Amino acid sequence: SDLIQAEEYDERGREASNQPRIEGDHLAFVDSGTWVRYANFYFPGTPTQISVSAAIQGGPIESPTTATQRVYLYLVAPGASYSRTTAMKVAEIAVTGSSWYTYQTVSTTNVSKVPEGAYDIILDFSGGINVDSFSIDEIKIVEPATVTGLEISVRPNKVVYQPGEAL
């Protein structure tokens, strides 16, 4: 499985006061209700394992305590809007730590069934956490032109291709 850098997202969203953003080489300032999208991945079926590298702490920086947050992985059709209630939840990974600067990789094999196809990956969060990267076994990045059901606009001619139409 290839490592996907968390800061290389295609879209970010929020339903909370914080907006996720890039801090150097990781994704920071995520909170409950914030999410990030990674576009155009092909799943040949259900992944065997999903991993995330993340750091978390409770309490103030001066006197940290141990805390646990969750990273949720959802899938949506390429370009589709995201909502926790309508997206396909694939995995939930609990990360426990006591330092914003100590990253650990946590994995799960408890993965929901994924039908073969192209999807956008959504990472959603239960609360404050820093994310460096994640990996999903057996997936591939696909070129947008090969994704079925996607409408593509080509510039400068602004020619619109319909789903299934040859390019």
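How exposed is Glu-138, in terms of relative accessible area? Glu-138 is partly exposed, at 42% relative accessible area, where buried means under 20%, exposed over 50% and partly exposed in between, computed with a 1.4 Å probe on protein chains only.

## Basis of the model

The model is predicted: local features require pLDDT of at least 70 and side-chain atom pairs count only at pLDDT 80 or more, whereas totals for chains, interfaces and linings use all residues. Residues are numbered from 1 along each chain as its sequence is written, and side-chain values use heavy atoms, with hydrogens and water left out.

## Overall architecture

The protein contains 14 strands and zero helices; these elements are DSSP runs numbered from the N terminus, with helices being H or I of at least four residues and strands E of at least two. Of its 167 residues, 44% count as buried. Among contacts with a separation of 6 or more, 70% join residues 24 or more positions apart, a contact meaning heavy atoms within 4.5 Å.

## Nonpolar cores

The largest nonpolar core has 33 residues, and those with the most contacts inside it are Leu-27, Tyr-38, Phe-43, Ile-121, Phe-125 and Ile-129. A nonpolar core is a set of buried Ala, Val, Leu, Ile, Met, Phe, Trp, Tyr and Cys residues joined through side-chain atoms within 4.5 Å. At least two residues of this core come from each of strand 4 (26–30), strand 5 (34–43), strand 6, strand 7, strand 8 (88–97), strand 10 (117–125) and strand 11 (129–136). A second, separate core of seven residues includes Tyr-72, Tyr-74, Ala-87 and Ile-122. In soluble globular proteins, nonpolar side chains tend to be buried together.

Beyond residues up to four places away in sequence, Tyr-38 touches Ile-4, Gln-5, Ala-6, Glu-8, Tyr-9, Asp-10, Leu-27, Asp-120, Ile-121, Leu-123 and Phe-134.

## The cavity

One cavity of 30 Å³ or more is present, and the largest cavity holds about 40 Å³ of space. On a 1 Å grid over the protein atoms alone, a cavity is a set of points where a 1.4 Å probe fits but cannot get out, and lining residues have an atom within 4 Å of a point. Grid points are joined across faces, edges and corners, and the volume is the space filled by probe spheres set on the points.

The lining of the largest cavity consists of Ile-50, Ser-51, Val-52, Val-71, Leu-73, Ile-93, Leu-123 and Phe-134. Two or more of these residues are given by each of strand 6 (50–56) and strand 7 (67–76), and the largest share, three residues, comes from strand 6. The lining divides into seven nonpolar residues, one polar and no charged; Ala, Val, Leu, Ile, Met, Phe, Trp, Tyr, Cys and Pro count as nonpolar, Asp, Glu, Lys and Arg as charged, and the others, Gly among them, as polar.

## Residues of strand 5

Arg-37 lies in strand 5 and counts as buried because its relative accessible area is 5%. Its side chain reaches the backbone oxygen of Ala-80 at 2.7 Å. Leaving aside residues up to four places away in sequence, the contacts of Arg-37 include Tyr-9, Asp-10, Glu-11, Val-76, Tyr-82 and Asp-120.

Trp-35 also belongs to strand 5 and is buried, at 9% relative accessibility. The C-alpha atoms of Trp-35 and Glu-11 are 8.5 Å apart, although the two residues are separated by 24 residues in sequence.

## Thr-108

Thr-108 is in strand 9 (residues 99–108) and counts as buried because its relative accessibility is 13%. A polar atom of the Thr-108 side chain lies 3.0 Å from the backbone nitrogen of Asn-110. Apart from neighbours within four places in sequence, Thr-108 is in contact with Thr-48, Gln-49, Ile-50, Ala-91, Glu-92 and Ile-93.

## Positive phi angles

Most residues other than glycine have a negative phi. Asn-40, which is not a glycine, has a positive phi of about 65°. Asn-40 lies in strand 5 and is buried, at 13% relative accessibility.

Glu-138 likewise has a positive phi, near 65°. The place of Glu-138 is the loop between strand 11 and strand 12 (140–141).

Technical notes
On a 1 Å grid over the protein atoms alone, a cavity is a set of points where a 1.4 Å probe fits but cannot get out, and a pocket is an open set with protein on both sides within 12 Å along at least five of seven lines; lining residues have an atom within 4 Å of a point. A polar contact is a pair of N or O atoms within 3.5 Å; within protein, one must be able to donate a hydrogen and the other to accept it, and residues adjacent in sequence count only if both atoms are side-chain atoms.
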